[in-house]
Amino acid sequence: MIPICVQCGTGGNPCRCKVVGPTLGLVAFVAAAVVEWPVGALVYIFKHAKGRRIMGHPATHVYPKVSRSIPI
């Protein structure tokens, strides 16, 4: 099973739907989360704000940047 993400209603391309960008964004999100969530959990023990920021990084930075960088 391959996860496919579709985002419709965008103005970035003529067909107004994005498939490749959101799907690759999801793959990048999962790859970053596998690394960053355990590290963030370990850091959270000592520095709460820093740990939360590390654990939120895949959702707040990785997914949006990859998804927006590919217009189709």
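These are my notebook entries on a predicted model of a protein.

**Entry 1: the overall picture**

I started with the fold elements. I count two helices and two strands in the protein. Read from the N terminus, the order is β-β-α-α.

Next I looked up the dimensions. The C-alpha trace spans about 50 × 25 × 15 Å along its principal axes. The radius of gyration is 15 Å, whereas a compact globule of 72 residues would have one near 11 Å.

Then I checked burial and surface. Of the 72 residues, 21% count as buried. I get an accessible surface of about 5,100 Å², and 73% of that belongs to carbon and sulfur atoms. For contacts between residues at least 6 apart in sequence, I noted that 47% join residues at least 24 apart.

**Entry 2: C8, in a strand**

I went to strand β1, which covers residues 7–8 and holds C8. Is C8 buried or exposed? It counts as exposed, because its relative accessibility is 53% and the cut-off for exposed is over 50%.

I then listed the partners of C8. Leaving aside neighbours within four places in sequence, C8 is in contact with R16 and C17. I also took the C-alpha separation of C8 and V19, which is 8.7 Å for residues eleven apart along the chain.

I moved on to helix α1, residues 20–46, where E36 sits. E36 is buried, yet I found no salt bridge for this residue. Which side chain of opposite charge is nearest to E36? It is R53, and R53 is 10 Å away. A salt bridge needs the charged atoms within 4 Å.

What I did find is a polar contact of 3.0 Å between the side chains of E36 and H57. Beyond residues up to four places away in sequence, E36 touches I54, M55, H57 and P58.

**Entry 3: P58, on the other helix**

P58 lies in helix α2. How buried is P58? Its relative accessible area is 0%, and buried means under 20%, so P58 qualifies.

I wrote down what P58 touches, again skipping residues up to four places away in sequence: F29, A32, A33, E36, W37, Y63 and P64. I also checked P58 against C17, 41 residues apart along the chain, and got 23 Å between the C-alpha atoms.

**Entry 4: S67 and S69, two serines in helix α2**

I finished with two serines. S67 lies in helix α2, and S69 is found there too, in residues 48–69.

Is S67 buried or exposed? S67 is buried, because its relative accessible area is 6%. S69 counts as exposed, since its relative accessibility is 52%.

For S67 I listed contacts with Q7, K18, G21, P22 and G25, not counting residues up to four places away in sequence. I also looked at S67 and L24: they are 43 residues apart in sequence and 6.9 Å apart in space, C-alpha to C-alpha.

For S69 I checked the side chain. A polar atom of the S69 side chain lies 2.9 Å from the backbone oxygen of V66.

Terms used
Residues are numbered from 1 along each chain as its sequence is written. This is a predicted model: local features need pLDDT of at least 70, side-chain atom pairs count only at pLDDT 80 or more; totals for chains, interfaces and linings use all residues. Side-chain values use heavy atoms; hydrogens and water are left out. Helices (H or I, at least four residues) and strands (E, at least two) are DSSP runs, numbered from the N terminus. The radius of gyration is taken over C-alpha atoms; the globule rule is 2.2 Å times the number of residues to the power 0.38. Buried means under 20% relative accessible area, exposed over 50%, partly exposed in between (1.4 Å probe, protein chains only). Contact means heavy atoms within 4.5 Å. Accessible areas come from the Shrake-Rupley method with a 1.4 Å probe; for residues, only the protein chains shown count as cover. Lys and Arg count as positive and Asp and Glu as negative; His and the chain ends are not counted. A polar contact is a pair of N or O atoms within 3.5 Å; within protein, one must be able to donate a hydrogen and the other to accept it, and residues adjacent in sequence count only if both atoms are side-chain atoms.
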